Amino acid sequence: MSELSEKKGRGTELISLYIPPKKALHEVIAALRDEYGTASNIKSDSTRNHVMDALVKTMQRLKLYKATPENGLVIFCGALPTNGPGSETIFLYEVFPPKPVQTYLYRCDDHFHLDILKDMLKEEKTIGLLSIDATEAAVGIIAGSRFEVVDEITSGVSGKHRAGGQSARRFERLREMELTEYYHRVARHVNKALLEEKTVQGLIVGGPGGTKDTFLKGEFLDYRLRRIVLAVFDTSYAGREGLRELVDKAADVLQDVRLIEEKKLVNRFLREVNTSNGLAAYSVKDVLDALQKGSAETVLVSEDLEWLHMKAVCSKCGFTREVNVPRVNYIQEKQRLLSTPCDNCGSLEYEVSEMDFIEYLEDQANISSANVEVISSRSEEGAMLKSFGGVAALLRYKV
Ligand SMILES: [Zn+2]
């Protein structure tokens, strides 16, 4: 990534393409074909050739896909020098983003447009792991379901037993100094891996014996990491092996952390609801209304909300009717939609489609940059949310 951001084209000839999951690839190819036509008017021979070559390469790549990938696709393509000016070759970088691309973007510029992708990578929840004892340490990262060992450090500190003839006090003092130097070194590596190169939301620390506690108490780590320590575990090993043990334990910690977040959200909603003029809304209708007006900041939806969003499009005139109904009413509602004449042209021919209501909420929320938080039913708060119909919103302002 950082390697790409330094790349510069000689002219306006580097292509950035962001394709959302719902965009059909043949439409994208058609749009690129238009760009190809426009590019033939570029005055500079070298820029024109580079842009046209990059467009051809991008179209060829897109044709390899049967459909748009699940999260969409991001492509960077352009002529980059391999060995000084004149040595340009067309490179193509293809990225499968960690979450869905929101908006279609095509840019031809003297640099690649990486900001959108960078934001997407940053927003993914990332947890740092540190496994340490007096001999070795390792730093790891959990991002979604991926686990990666990022760095390993060995201490070089001598064992606890001194060589014959050495004074006990002198030996202890030396060992102490070596350890302190090692802790500083570990801290530098951890700070670099978890603060400079990634943004982590939590840190889990483990290792055999007391080294990890001494390390944490000694405040060697950057304060931003110290205040997000989620848990400290005893493990049998330190280093790479210890990290694997921490990954197993982390799953429980993360579940607990999520549960606490959910409780906080629901309690905030309950407080608002119990205040006159509080910043809250509930029921399917009022929450959708708040989303459409842009006043919803966070939507809370129960994981068991079994609703559907249904859409009937008139085959004659395209007039669209949308309804949200409990899943159990699906057949009944479909009949009703099919037997009601089109408001616009009176026709009775419809194309009916449906999607999960939570997915529909997420789409609506994206439009007004609101968050959707799916609340599990495991907690008392989850049950409270259900008693409010399973869907609620925290508002930015009262409408
Ligand atoms: Zn109609």
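1. The domain assignment divides the protein into domain 1 (2–122), domain 2 (124–254) and domain 3 (280–395). The model is a predicted one, and the points below should be read as computed from its coordinates. Between domain 2 and domain 3, the C-alpha centres are 47 Å apart.

2. On overall dimensions, the C-alpha trace spans about 105 × 70 × 35 Å along its principal axes. The radius of gyration of the protein is 28 Å, whereas a compact globule of 399 residues would have one near 21 Å. Of the 399 residues, 27% are buried. Among contacts with a separation of 6 or more, 71% are between residues 24 or more positions apart.

3. The secondary structure comprises 12 helices and 16 strands. An open sheet is formed by 4 strands in the order E10-E16-E11-E15, with mixed pairing. E10 and E15 are the edge strands, each pairing on one side only. From one strand to the next, the twist averages 20°.

4. Within this sheet, E10 and E16 run antiparallel and are joined by 3 bridges. Alanine 281 has alanine 393, in E16, as its bridge partner. Helix H9 packs on the sheet, where it touches E10, E11 and E16, and its direction makes about 35° with that of E16. Helix H11 lies across E11 and E15 and runs at about 155° to E15.

5. The largest nonpolar core contains 32 residues. Those with the most contacts inside this core are Val287, Leu291, Val299, Leu300, Val301, Ala392 and Ala393. At least two residues each come from helix H8 (239–273), strand E10 (280–282), helix H9 (284–293), strand E11 (296–302), strand E12 (307–314), helix H11 (357–367), strand E15 (371–375) and strand E16 (391–395). The most is given by E12, with 5 residues. Apart from this core lies another, of 25 residues, which includes Leu129, Ile141, Leu203 and Leu246.

6. What does alanine 392 touch, if residues up to four places away in sequence are not counted? Its contacts are Phe269, Ala280, Ala281, Tyr282, Val287, Leu300 and Leu385. Ala392 is also one of the residues with the most contacts inside the largest nonpolar core, as is Val287.

7. Glutamate 241 is in helix H8. Glycine 207 is 34 residues from glutamate 241 in sequence, and their C-alpha atoms are 9.8 Å apart in space.

8. Lysine 43 sits in the loop between helix H2 (25–39) and helix H3 (45–63). Serine 16 is 27 residues from lysine 43 along the chain, with 21 Å separating their C-alpha atoms.

Note on methods
Residues are numbered from 1 along each chain as its sequence is written. This is a predicted model: local features need pLDDT of at least 70, side-chain atom pairs count only at pLDDT 80 or more; totals for chains, interfaces and linings use all residues. Domain bounds come from an automatic or database domain assignment. A nonpolar core is a set of buried Ala, Val, Leu, Ile, Met, Phe, Trp, Tyr and Cys residues joined through C-beta atoms within 7 Å. A residue is buried if 20 or more other C-beta atoms lie within 10 Å of its own, exposed if 12 or fewer, and partly exposed in between; C-beta atoms are placed from the backbone. Two residues are in contact if their C-beta atoms, placed from the backbone, lie within 7 Å. The radius of gyration is taken over C-alpha atoms; the globule rule is 2.2 Å times the number of residues to the power 0.38. Two strands pair if DSSP finds at least two bridges between them. Axes are lines fitted to C-alpha atoms, for helices over the stretch in contact, and angles run from 0 to 180 degrees between N-to-C directions.
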